[in-house]
Amino acid sequence: MDDYLQRIGASRTSSLAELHERHLLSVPFENLYTHMDTRIVLEIPWLHDKIVTQRRGGFCYELNGLFAELLRHLGYSVDLLAARTVGEDRRLGPPFDHLALLVDGAWIADVGFGAFTLHPLDWKSREDQHDPFGVFRLVDSGDDVEVLMDGKPSYRLERRPRDLAEFVPTCWWHQTAPESHFRAGPMASLASPAGRITVTDKKVVVTENGRKTSTDVEDPAAAFLEHLGLHFRQSNASGVLRQL
């Protein structure tokens, strides 16, 4: 895991908040394998090779799955929690739609949801939690806990701990089902101290100090390759793009 710490610019003495922040600023949220006919394998050696050795990113199952292993290696107690995302019409996503982490029974850590919190959330608080990326609140919803960002529900968490293997079927669904939003097109997104940059095959969206600018691209393939290399340091960007 020392290589993993080096990948995110952290150390064994970094706090949970520092590990969380450094991860978000270093490892992109991306879905490239979904468009490359490459099956994502939810096993730690495979995830380590992709994220640490190849210096790639991933989506929730990959990023939070490996981050959980790093935290355990550093002495934290970590439970994997299943969640269902909440759509604009409050329609819930499928079971195991999202994977988040409960750390030491006290903190919700999530480095795999794209635009979300920069620091872990207090699991026991039901008050507003102010974060550099927004205002968050946890709300009890029957047996579950709903996580709100700026007043809007993001996802609904189960309290029951799960194993990584239990997320395999929905991970596969997200890679193959026409209804999965991950199938809409390739994308990569990375947090920055002032906001976030997101690159798709259609546009580049930059959020900085609360201001968002969106630029359409004229040559999708060339622009996507250029911005992958520029913003996400994808050393194998050209090889990735040829397979899309």
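Arg162 is part of strand β9, residues 152-162; strands here are DSSP runs of E of at least two residues, helices are runs of H or I of at least four, and both are numbered from the N terminus. Is Arg162 buried or exposed? Arg162 is buried, with a relative accessible area of 14%. Buried means under 20% relative accessible area, exposed means over 50%, and partly exposed is in between, with a 1.4 Å probe and protein chains only.

The side chain of Arg162 has a polar contact of 3.0 Å with that of Glu166. A polar contact is a pair of N or O atoms within 3.5 Å; within protein, one must be able to donate a hydrogen and the other to accept it, and residues adjacent in sequence count only if both atoms are side-chain atoms. Leaving out residues up to four places away in sequence, Arg162 touches Leu80, Ala82, Phe96 and Phe167, where contact means heavy atoms within 4.5 Å.

A word on the source. This is a predicted model, in which local features need pLDDT of at least 70 and side-chain atom pairs count only at pLDDT 80 or more, while totals for chains, interfaces and linings use all residues. Residues are numbered from 1 along each chain as its sequence is written, and side-chain values use heavy atoms, without hydrogens and water.

Now the chain as a whole. The protein chain has seven helices and 13 strands. Of its 244 residues, 50% count as buried.

Next, the cores. A nonpolar core is a set of buried Ala, Val, Leu, Ile, Met, Phe, Trp, Tyr and Cys residues joined through side-chain atoms within 4.5 Å. The largest one has 44 residues, and Phe167 is among those with the most contacts inside it, as are Leu42 and Tyr61. Helix α4 gives the most to this core, eight residues. A second, separate core has 15 residues, including Ala83 and Tyr155.

Last, helix α3, residues 44-53. Its residues Leu47, Lys50, Ile51 and Val52 are buried. They are on the same side of α3 because they cover an arc of only 165 degrees around the axis, taken from the directions from the helix axis to the C-beta atoms. Pro45 and Thr53 are exposed, on the face turned away from the buried side. The cover over the buried residues of α3 includes α1, β1 and α4.
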